[in-house]
Amino acid sequence: MSESPDARRRLLLWCVVPLSIMSIGSLIGTAFMPYLLARRPLVLVALSPLFRHLVLAAPRVDAAAFFAVAVPRHFLPDPFVYLLGREYGHLAFEWAGGNATRSGKLVRTMERAFAKVGPFALLVSPDVIVSTLAGAARVPIPLFVVFNIAGTFGTVFVARWFGDAFGEGIAKVVRFFEANLVTVTLVSFLLVIAFNWYSRRRTPADAEKGDGAVEP
């Protein structure tokens, strides 16, 4: 832990601000997913690199451009939550758990799994929860970076494979979006707003039963 309270506050600021910006971007990408998928699939990936978005966008963009955008964007929030985990330990883990797209029960399962396999968990799930756990466990930074990037590349590769495998079905979805672009985008926007409003009104006990907010 840092000895200086000012240093801790600066670290908190330098981590939370970019994470908040990424969360807002992810929220925007999710809300306008139909429009972005039909017209700007790489922008969708850059704003909201959720696995489902990666799969949907994969057949619509060149492989090199897809990996060039998806890998760094998927990795981007992880160093920040890693640093928060190193500095604030379990408090940071609880914050990350409350802001991830997972139920509380599954988050606790990941915590137990990390205790058993350590940084190897990053190869399977290179996300904010496992990255925070890696920071709290003080996994060496070079090891964290190598394992996380390897896991991120693997995640993006799998998403690309699924996108190619289901390319015909995705093309039908895109055609439907293009034919009803205003309507489906408006519905998507309203659903995201309603879901996040409802999520923020739930008590901590209720949050154990459902998904959380949009992941950074």
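This is a predicted model: local features need pLDDT of at least 70, side-chain atom pairs count only at pLDDT 80 or more; totals for chains, interfaces and linings use all residues.
1. Residues are numbered from 1 along each chain as its sequence is written, and side-chain values use heavy atoms, leaving out hydrogens and water.

2. Arg 160 forms a salt bridge with Asp 164, with 3.8 Å between the closest N and O atoms (the term means a side-chain nitrogen of Lys or Arg within 4 Å of a carboxyl oxygen of Asp or Glu). A search of the whole structure finds one salt bridge. Asp 164 is partly exposed at 46% relative accessibility.

3. Arg 160 also lies over the face of Phe 66, 5.3 Å from the ring centre (a charge sits over a ring if NZ of Lys or CZ of Arg is within 6 Å of the ring centre and within 35 degrees of the ring normal).

4. Now to the rings: the whole structure holds nine aromatic pairs (rings of Phe, Tyr and Trp, the last by its six-membered ring, with centres within 6.5 Å; planes under 30 degrees apart are stacked, over 60 edge-to-face, the rest tilted). One of them is the edge-to-face pair of Phe 120 and Phe 147, 5.1 Å centre to centre with 80° between the planes. Phe 147 is buried, at 15% relative accessible area.

5. Phe 51, Trp 161, Phe 162 and Phe 166 form one aromatic cluster. Trp 161 is exposed at 53% relative accessibility, whereas Phe 162 is partly exposed at 30%.

Definitions and conventions. Buried means under 20% relative accessible area, exposed over 50%, partly exposed in between (1.4 Å probe, protein chains only).
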